[in-house]
Structures are given as C-alpha cells and as structure tokens.
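Please keep the sequence and the three-dimensional view at hand while reading.

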Protein chains: 2
Amino acid sequence: MRLYIGLVHYPVYNKNNQTIASAITTIDLHDIARVARTYDVKRFFVITPLEDQQMLAERVKNHWIIGYGAKYNRLRKEAIELVTLVSYLGGAIDAIADMEGEPPLLIATDASSQKNRNISYEKARNLIQDGRVVILILGTAWGLDKVIINRADYVLDPIFGRAGYNHLSVRTAAAIILDRLVGR
Amino acid sequence: MRLYIGLVHYPVYNKNNQTIASAITTIDLHDIARVARTYDVKRFFVITPLEDQQMLAERVKNHWIIGYGAKYNRLRKEAIELVTLVSYLGGAIDAIADMEGEPPLLIATDASSQKNRNISYEKARNLIQDGRVVILILGTAWGLDKVIINRADYVLDPIFGRAGYNHLSVRTAAAIILDRLVGR
C-alpha cells in the first residue's frame with residue numbers, strides 16, 4: 001500500500017467562503033496521526049505556509065518524539081512520527097514522487113458532491129489496493145479551496161450518514177474515510 | 001432505529017490501570033455529538049459524577065444552544081442538543097427505559113478483545129437494524145473499568161486497522177464504530 005494523507009491549512013475556506021490560511025489544531029495532528037498509524041498510511045503531511053504554525057507543529061512533534069512525551073507515551077510517538085511538515089501541497093507531491101519514483105494520484109475530500117468528478121469509496125479502495133500511489137487530501141476550517149479541488153484527479157464522495165447531516169470534524173471524517181478505504 | 005451513545009468519564013482507567021474519574025474534553029463533546037447527529041443517534045449521554053465537570057459540559061451546551069454559538073453556527077447547535085448529562089451509567093439506562101418503555105442492551109467498547117463476550121460489527125448492526133434498544137458505551141482515558149465491561153451485555157470487537165496498532169482517540173473510534181454499525 002502506497003497511501004499518504006495531506007491535511008491542508010492553506011488554501012481553505014472560512015465560514016464566509018473567503019480563502020484563508022487556518023491555524024493548526026494540535027488535536028488534529030494527534031488524532032489523524034493515530035488514524036494514519038492504525039491504517040498503515042506511509043506519511044501524514046501537515047500543510048501550512050505559516051512559519052509560526054510550522055513551529056507549533058514542530059514543537060508538538062519534538063515533544064512526543066524526543067522530549068518528555070516519548071517516554072510518557074510510546075504509542076503517541078509511533079503515530080506522530082508519521083507527521084511531515086510542508087509549506088504547500090506541491091511540497092507533499094514532490095516528496096512522495098521522490099520516495100515512490102512517480103507522482104501520486106490526488107484524491108481530494110469535500111463535504112459537497114462535485115458532479116462528474118466524484119469517485120466512490122469502492123473505486124478509490126480498488127486504486128489503493130492495486131498499488132497506485134495515492135495522496136488523500138483533507139481540508140481544515142470550512143474545507144478545501146476550489147484551487148485544490150480542481151487540481152485533484154478525483155474528489156471522494158461525501159460521507160453521508162443516515163440523517164442528511166454531514167458536518168463532521170476533519171478528525172472524525174478522516175477516521176471514517178480511512179476505515180472505508182483501507183479497513184479490513 | 002433506537003440507538004444511544006454513552007461516553008463514560010467514571011469509572012475508567014488511567015495510564016497506571018487505576019480507576020479514576022477523567023476530566024471532560026470539550027472536543028469529545030463536539031466531535032462525538034456531530035458523529036451522533038450524522039448517524040441519527042437519539043441521544044448522546046455524557047456520564048460524569050463530578051459536579052464541576054458537569055458544569056463545564058453545561059456551559060459548552062448552553063453556549064451553542066442558547067448563547068452566541070447558536071447564532072454563530074446552527075449546525076453545532078443541532079449536534080450538541082443531543083448531549084444529555086448524567087452522573088452514572090445507571091442514569092442513562094433509566095432515561096432510555098423511560099423513553100423507550102424497555103431497558104437498552106448495553107454494548108461496551110474496548111481496545112482489547114474480551115474472549116467469549118465479544119460481538120462482531122455485523123451482529124451488532126443486525127441488533128440495531130432489528131429495532132432493539134441499544135446503548136453503545138465508550139470509555140475515556142485508558143478505557144472502561146472492568147465493572148462496566150462486566151455489566152455490559154456485549155463487548156464490541158476492537159477496531160483493527162491494518163497495522164496491529166489500535167490506539168485511536170475516543171472521538172475517531174466513535175466515528176468508525178458508528179459508520180460500521182449504522183452507516184449505509
């Protein structure tokens with residue numbers, strides 16, 4: 001399996017549909033890193049061009065990998081080690097191409113349907129099982145900017161539960177998506 | 001569907017396997033309430049005997065239901081309205097029995113297998129689809145105390161991903177479990 005995740009903090013939308021760079025939420029790093037570790041994702045790219053936010057993410061990483069946290073909780077260390085900081089989505093794509101010898105397919109996620117561009121969970125699952133290099137792109141705040149959606153090869157179907165309400169946190173959405181795509 | 005969730009803060013284990021009452025994590029309330037709303041869960045019981053923690057949870061509820069948050073984000077309101085505070089698991093069971101006219105089946109969750117007591121996702125899914133009244137019980141901190149596990153009618157199979165690592169946050173575990181049990 002050659003699956004990667006990217007969590008995008010820029011460009012994303014705010015509540016008023018403006019393009020922004022969102023702040024890093026440390027709980028996103030922990031929760032999604034543990035999901036990534038559970039489902040054997042190769043790397044979890046945290047994408048932000050803001051230097052102070054990169055420093056925050058590095059501090060979290062260092063605490064759990066080489067600081068007190070590493071002794072306190074080895075299991076957090078195993079997960080957070082997957083986190084790799086990059087400034088832009090392009091940096092994640094370059095890093096993956098370097099490692100895998102080919103660029104990844106980009107599968108974006110969105111809470112709304114993108115007609116003609118959507119891919120089902122089953123088809124995306126098959127691509128991954130077939131050994132394709134894939135990066136699954138998740139947005140923070142009010143979701144991925146259209147620039148990213150348009151750049152993606154596919155947009156994964158939204159998560160519909162049972163109630164017509166699809167406003168999950170990015171943490172819980174990431175968990176459900178990974179379980180659907182690569183869970184046994 | 002007559003499905004309920006309970007998030008237990010006492011009795012649970014700490015890192016050293018001692019029975020404790022854990023503090024409320026407000027992000028648990030938000031994330032799990034949104035998961036509950038997505039999957040049409042009838043109520044989300046937040047279980048803690050600690051009065052200061054109950055007050056904290058009430059403040060969060062009120063902010064989003066009648067305070068500024070209700071105007072700021074209606075979707076959070078719809079989710080957080082499902083939160084019902086009780087002091088003990090028994091209080092949740094009593095409330096459900098009152099509403100449904102019968103006590104619920106207790107399905108506990110645990111990161112470890114409980115031999116002879118485990119129920120598969122498929123069987124649990126069938127119980128719920130058959131219209132049985134069910135409360136799914138999630139533990140905070142290092143998991144549900146044995147007293148709760150022993151009291152449960154069933155213990156749901158652990159979530160195994162692909163890597164032999166099952167140390168998810170309770171938020172992401174709740175999301176995966178609900179998607180498996182009642183997702184379409």
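In which sense, parallel or antiparallel, do strand β1 and strand β4 of chain B pair, and over how many bridges? In this predicted model, strand β1 (residues 2–8) and strand β4 (residues 43–47) of chain B pair in the parallel sense, over five bridges. Within this pairing, Leu7(B) has Val46(B) of β4(B) as its bridge partner.

## The sheet of chain B

The two strands belong to an open sheet of seven strands in chain B, ordered β5-β4-β1-β8-β6-β9-β7, with parallel pairing. Its edge strands are β5 (83–86) and β7 (118–119) of chain B, each of which pairs on one side only. Helix α5 (residues 89–100) of chain B packs on the sheet and touches β1, β4, β5, β6 (105–109) and β8 (133–139) of chain B. The direction of helix α5 makes about 155 degrees with that of β4(B).

A further helix, α8 (residues 170–182) of chain B, lies across β1, β6, β8 and β9 (154–156) of chain B. Helix α8 of chain B runs at about 155 degrees to β8(B).

## The sheet of chain A

Chain A likewise contains an open sheet of seven strands with parallel pairing, in the order β5-β4-β1-β8-β6-β9-β7. Strands β5 (83–86) and β7 (118–119) of chain A stand at the edges with a single partner strand each, so one side of each has no neighbour in the sheet. Strand β4 (residues 43–47) of chain A is joined to β5(A) by four bridges, the two running parallel, and Val46(A) stands opposite Leu85(A) of β5(A).

Strand β1(A) pairs with β4(A) in the parallel sense over five bridges; here Gly6(A) has Phe45(A) as its bridge partner. Seven bridges join β1(A) to β8(A), again running parallel, and Val8(A) is partnered by Gly139(A) in β8(A). Six of the seven residues of β1(A) are buried, so this strand is largely enclosed by the rest of the structure. Helix α8 (residues 170–182) of chain A lies across β1 (2–8), β6 (105–109), β8 (133–139) and β9 (154–156) of chain A, at about 155 degrees to β8(A).

## How the two chains meet

Chain A is superposed on chain B by a rotation of 180 degrees with 0.0 Å of shift along the axis, at an RMSD of 0.0 Å. That is the relation of a two-fold axis. Of the interface residues of chain A, 100% are also interface residues in chain B, so the copies meet through the same surface.

The contact takes 34 residues from chain A and 34 residues from chain B. About 3,500 Å² is buried between the chains, and carbon and sulfur atoms give 53% of this area. On the chain A side, Thr38(A), Arg162(A) and Tyr165(A) lose the most area to chain B, together 24% of what that side buries.

Thr172(A) is found in helix α8 of chain A. Its relative accessible area is 0%, and Thr172(A) is therefore buried. Leaving out residues up to four places away in sequence, Thr172(A) touches Asp31(B), Val35(B), Arg171(B) and Ala175(B).

His30(B) is found in helix α1 (residues 26–38) of chain B and is buried, with a relative accessible area of 12%. Apart from its neighbours within four places in sequence, His30(B) is in contact with Val60(B), Trp64(B), Arg76(B) and Ile80(B). The side chains of His30(B) and Trp64(B) are joined by a polar contact of 3.2 Å.

Notes: Residues are numbered from 1 along each chain as its sequence is written. Chains are lettered from A and ligands numbered from 1 in the order in which they are written. This is a predicted model: local features need pLDDT of at least 70, side-chain atom pairs count only at pLDDT 80 or more; totals for chains, interfaces and linings use all residues. Side-chain values use heavy atoms; hydrogens and water are left out. Copies are superposed by least squares on the C-alpha atoms of residues with pLDDT of at least 70 in both. Contact means heavy atoms within 4.5 Å. Buried means under 20% relative accessible area, exposed over 50%, partly exposed in between (1.4 Å probe, protein chains only). A polar contact is a pair of N or O atoms within 3.5 Å; within protein, one must be able to donate a hydrogen and the other to accept it, and residues adjacent in sequence count only if both atoms are side-chain atoms. Two strands pair if DSSP finds at least two bridges between them. Axes are lines fitted to C-alpha atoms, for helices over the stretch in contact, and angles run from 0 to 180 degrees between N-to-C directions. Buried area is the accessible area (1.4 Å probe) that two parts lose on being put together, summed over both.
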